[in-house]
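This note sets out numbered comments on the structure shown below. Each comment takes up one region or one contact.

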Amino acid sequence: MAHANELYLGKQDYQVLGKRPVRHDGTDKVTGKAIYTADVQLPNMLHGKIVRSPHAHARIKSIDASEALAMPGVFAVVTADDFPDLTEKFALMGEAGQVNLTELAANCLAKGKVLYRGHAVAAVAAANVHIADEAASKIKVEYEVLPSVTWVLDAMKDDAPLLHEHLRTDSMGKKADKPSNIAVHLQFEKGNVTDGFQQADVIVEREFRTASVHQGYIEPHAVVALWNEDSRLKLWTATQGSFNCRQQVAELLQIPVSQVLVVPCEIGGGFGGKITVYLEPVAALLSRKSGRPVKMVMQRNEVFEGTGPTPGSFARVKLGAKKDGTLVAGEAWLAYDCGAFPGGMIGPGCMCVFSCYDLPHAKVDGFDVCNNKPKTQAYRAPGSTQAAFACEQVIDELAEKLNIDPIELRLKNAAKEGTRRVDGPVYPRVGFVECLNAAKNSEHWKSKLSGKNRGRGIAAGFWFNIGGASSCSASVNDDGIVCLVEGSTDIGGTRTSIAMQLAETLGIAAEDVRPQVGDTDSVGYTFLTGGSRVTFATGLAAYQLGLDLQEQMKQRAASIWDCDPTSITVDKGVYKQNGHSLTFKQIAAKIPENQLDPVVGRASVAPEGSTNAFGVHIADVEVDPETGKVTVLRYTAIQDAGKAVHPSYVEGQMQGGAAQGIGWALNEEYFFDAKDQMRNASFLDYRMPTCLDLPMIDTIIVEVPNPSHPYGVRGVGETPIVPPPATIANAIHAAVGTRMTQLPMSPPALWKALSERA
Amino acid sequence: MSKKIHVSTTVNGESVEFLCEARQSLLEVLRENLSLTGAKEGCNNGNCGACTVMLNGVPVNSCIVLAVEVEGAAIETVEGLACHGHLHPIQKCFLEGAALQCGVCTPGFLVTAKALLDKNPNPSEHDIRFNLANNLCRCTGYDKIVKAVQAAAAELQTR
């Protein structure tokens with residue numbers, strides 16, 4: 001079916017896409033040569049250290065840094081007072097929308113109150129990390145401890161400790177008249193749910209709870225800042241968006257964006273957690289005060305206690321179906337915590353909860369709730385995993401009650417082209433039905449699972465591909481190698497997936513493109529790496545860049561042959577006209593010989609709206625009834641990639657997302673004590689999956705072309721984390737008959753559920 | 001500040017001397033004093049394995065080894081894996097098998113894998129998973145890492 005804005009070319013014989021070249025940055029990464037932020041060394045560099053709150057909620061009565069400042073080797077101390085006055089200042093930051101700068105600054109250095117344990121209060125710069133550590137311990141902060149709250153439903157109560165005295169609930173644009181921790185109440189409605197549920201033969205309604213988890217990137221947050229005497233601020237940092245980082249820092253320090261240069265270093269994992277700034281503005285202030293470059297690297301407990309967990313959540317989901325399995329209505333009530341400051345993941349949670357199904361009647365209420373945790377950040381399909389944990393278990397229970405195969409029930413109600421989501425958008429061509437069919441036909445689904453306490457589960461997941469601005473440029477060398485500079489920081493191999501799209505467009509080999517991620521002075525504005533947008537949107541820019549370079553190469557060939565450039569045809573990188581024929585490389589070699597203009601191309605795009613990616617996962621588990629421990633025996637992830645640019649890295653995204661989702665399902669959680677202190681802020685105690693905890697993760701890539709991309713590419717990064725908790729919950733139910741409505745489904749939780757049933 | 005201590009050791013086959021404070025870890029000295037930044041700091045308390053190096057042939061978390069302990073020892077780091085411009089088969093198999101994404105855990109995995117294959121040239125999948133459980137990776141789900149080590153074992157056996 002043709003689409004009004006169809007960009008898909010329908011190409012069948014790809015030369016580069018679908019192949020598996022060695023990634024361009026790979027050798028540096030297997031030899032230890034790749035430069036991550038913590039590897040950056042500057043002459044005369046100082047080391048910074050943050051002083052953090054030991055309390056979950058407290059008023060800061062005083063800060064005394066005199067003893068620290070008197071120590072030899074200590075150069076500067078900063079607090080919130082070193083930020084410019086940001087009262088009533090807001091900044092428009094791309095898809096993040098309006099950002100409250102007072103709150104953004106207060107998350108970097110607390111002002112007046114600390115709102116979570118680990119909240120930064122002050123920072124010190126010293127000659128080395130050890131002196132900085134000692135000096136930080138000598139900065140005396142006096143607190144008045146306040147009552148605190150970390151569970152989302154408790155924080156919503158009228159008598160809950162208030163984080164922000166000025167905060168009034170914004171309910172569909174209307175502000176409440178009394179203070180509350182509820183920042184926002186959202187509501188989406190389609191049809192009439194009351195009428196809808198009246199048509200239902202079977203209704204299932206359940207409540208679900210999830211704990212906060214962390215993105216768990218192995219590289220801690222790090223930055224090197226140099227505020228030079230010419231007033232230029234240079235930042236080497238691990239960020240998912242160098243331009244986004246530049247803007248945040250410039251706004252917080254109230255300096256022009258062009259005064260800030262962000263050099264994106266190699267980044268050791270992000271998953272959504274390296275978008276907002278923490279250390280960057282603080283290191284900048286320390287550098288300005290000391291006149292020296294300052295490096296700051298977080299310790300792991302600081303990463304857990306001071307940076308982005310994903311929301312803890314409560315969900316009540318109700319679905320009604322007719323006897324034949326047709327879904328007639330759905331209702332969801334979702335409360336997600338946003339941590340210390342408003343603006344969490346409730347929006348996408350509401351958009352995703354019913355996104356897999358064609359529901360004639362649906363209503364979704366969502367609440368964004370402040371509590372005494374670090375400000376929540378995006379974590380791979382933010383908000384969708386919690387929603388799917390709820391919805392996909394209700395679907396599973398409906399299938400059981402209706403005695404319909406869970407895949408058939410999903411197929412009967414699957415979202416497809418033309419389905420309108422509860423929050424409004426109508427799907428273009430999507431591949432959910434194809435994913436379900438691939439699951440149904442998979443060797444895994446068809447295989448027999450036998451054995452005591454074993455069960456198989458299946459669940460689906462959805463996430464968007466956002467658009468956003470992307471830029472790239474390239475020059476053609478005499479030897480035909482194309483040097484590509486693009487603006488998307490590379491967190492999982494996107495340099496190669498972008499280079500491959502340029503190579504495909506030019507008809508040259510992937511190895512003949514040399515990609516690099518440019519700093520903010522050397523490439524055009526590019527929105528952050530997130531929303532599964534890079535391979536899609538920056539890939540679109542690379543395609544357009546390819547067309548620009550090809551046009552210029554035609555002109556050079558026309559000069560060589562003395563003909564009209566429009567008479568030249570190009571096929572697979574060979575330029576032809578009236579019996580003449582030259583390859584891309586041959587023309588490149590002739591440019592200097594013939595003293596022709598060098599070939600330099602550029603492209604910038606800002607695709608609007610978003611496209612979509614669906615996935616379906618299957619898990620076999622075995623439950624140990626003695627301990628409550630769940631072993632994943634077999635796992636298959638199925639996903640629509642549109643067109644898999646580099647299948648190995650598409651598989652890698654699916655496997656990595658599944659592993660994170662399995663960790664979220666079975667073990668990971670922020671464990672708070674009675675004083676709302678996190679008690680497991682180390683890798684040992686937080687316990688992410690190791691390779692001994694997991695089986696091989698099989699993958700099936702489905703390719704239903706994205707109409708909004710010339711090669712049909714869809715982003716693939718985020719969807720794979722969405723299905724696992726529900727998939728495993730459904731498998732546990734199949735194994736032992738217990739419906740787990742709480743994450744994590746850790747041994748103690750499952751053991752308790754099994755014991756209570758007995 | 002305490003007086004610095006003189007340490008003589010061997011790193012990747014070369015004799016090395018350095019001065020360090022008693023409180024400095026081997027990881028800190030490798031990275032800060034010797035500019036060998038291949039070993040990474042992920043947790044600084046021995047939980048993630050990103051800083052794995054070999055100490056007298058045994059893989060250790062260099063963040064929880066004191067630099068003064070390596071007097072007279074032989075240390076091998078990721079920088080010593082490739083030889084005369086050629087990648088070690090483990091490095092090659094990681095590259096070709098797409099066994100890395102962000103790459104920050106990769107040096108630790110490579111060193112741990114080399115230690116395993118030095119000791120056990122024909123490991124089962126369970127052997128690989130058991131030995132590599134010292135190292136955390138958050139990107140790959142380990143599937144392609146385990147397969148890369150299997151491929152490297154096969155390649156080393158044909159030599």
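1. Residue B:A98 sits in the loop between α2 and α3 of chain B. In this predicted model, B:A98 has 26 C-beta neighbours inside 10 Å and therefore counts as buried. Leaving aside neighbours within four places in sequence, B:A98 is in contact with A:S648, A:Y649, A:G652 and B:K144. The C-alpha atoms of B:A98 and B:K144 are 6.7 Å apart in space, although 46 residues separate the two in sequence.

2. The interface between the chains takes 44 residues from chain B and 44 residues from chain A. On the side of chain B that touches chain A, the elements giving two or more residues are α2 (89-96), α3 (106-119), α4 (125-132) and α5 (143-157) of chain B. By class, this side of chain B comprises 23 nonpolar, 12 polar and 9 charged residues.

3. The buried residues of α4(B) are B:I128, B:R129, B:N131 and B:L132. These buried residues pack against α3 and α5 of chain B.

4. The loop between α4 and α5 of chain B holds B:Y142. This residue is not a glycine, yet its phi is positive, at about 70 degrees. Is B:Y142 buried or exposed? Because 29 C-beta neighbours lie inside 10 Å, B:Y142 counts as buried.

5. A second residue with positive phi is found in chain A. For A:N403, which is not a glycine, phi is near 55 degrees. A:N403 belongs to the loop between α11 (384-402) and α12 (406-413) of chain A. With 8 C-beta neighbours inside 10 Å, A:N403 counts as exposed, whereas B:Y142 counts as buried.

6. The domain division of chain B is as follows. Domain 1 covers 5-79 and domain 2 covers 89-157. The C-alpha centres of these two domains of chain B lie 21 Å apart. Their contact takes 12 residues from domain 1 of chain B and 11 residues from domain 2 of chain B. On the side of domain 1 of chain B that touches domain 2 of chain B, strand β3 (residues 52-55) of chain B gives the most, with 3 residues. That side of domain 1 of chain B has 8 nonpolar, 3 polar and 1 charged residues.

7. Chain A is divided into domain 1 (26-34 + 472-486 + 494-601), domain 2 (43-146 + 221-290) and domain 3 (428-467 + 609-758). Between domain 1 and domain 3 of chain A, the C-alpha centres lie 38 Å apart. In this pair, 14 residues of domain 1 of chain A are in contact with 18 residues of domain 3 of chain A. The elements that give two or more residues to the domain 1 side of this contact are α15 (494-506) and α16 of chain A. Of that side, α16(A) gives the most, with 6 residues. The classes on the domain 1 side are 5 nonpolar, 7 polar and 2 charged residues.

8. The largest nonpolar core has 302 residues. Those with the most contacts inside this core are A:V124, A:L235, A:L334, A:V369, A:L502, A:I728 and A:I732. Helix α16 (residues 534-561) of chain A supplies the largest share of the core, 11 residues. For A:L502, the contacts beyond four places in sequence are A:A474, A:V482, A:L484, A:V513, A:A542, A:L545 and A:G546. As background, nonpolar side chains tend to be buried together in soluble globular proteins.

9. How are helices α3 and α7 of chain A arranged relative to each other? Helix α3 (residues 101-108) and helix α7 (residues 242-253) of chain A pack at an angle of about 100 degrees, with their axes 10 Å apart. Angles of 65 to 115 degrees count as roughly perpendicular, and α3(A) and α7(A) are therefore roughly perpendicular to each other. The contact is made by A:L101, A:L104 and A:A105 of α3(A) and by A:Q248, A:E251 and A:L252 of α7(A). These contact residues divide into 4 nonpolar, 1 polar and 1 charged.

10. The peptide bond joining A:L743 and A:P744 is cis, with omega about 0 degrees. A:P744 lies in the loop between β31 (742-743) and α21 (747-757) of chain A.

Notes. Residues numbered from 1 in each chain as written. Chains lettered and ligands numbered in written order. Predicted model: local features only at pLDDT ≥ 70, side-chain atom pairs only at ≥ 80, totals over all residues. Core = buried A, V, L, I, M, F, W, Y, C linked by C-beta atoms within 7 Å. Buried ≥ 20, exposed ≤ 12 C-beta atoms within 10 Å, placed from the backbone. Helix = DSSP H or I, 4+ residues; strand = E, 2+ residues; numbered from the N terminus. Contact = placed C-beta atoms within 7 Å. Nonpolar A, V, L, I, M, F, W, Y, C, P; charged D, E, K, R; others polar. Axes fitted to C-alpha atoms, helices over the stretch in contact; angles between N-to-C directions. Parallel < 35°, antiparallel > 145°, perpendicular 65-115°, else oblique. Domains from an automatic or database assignment.
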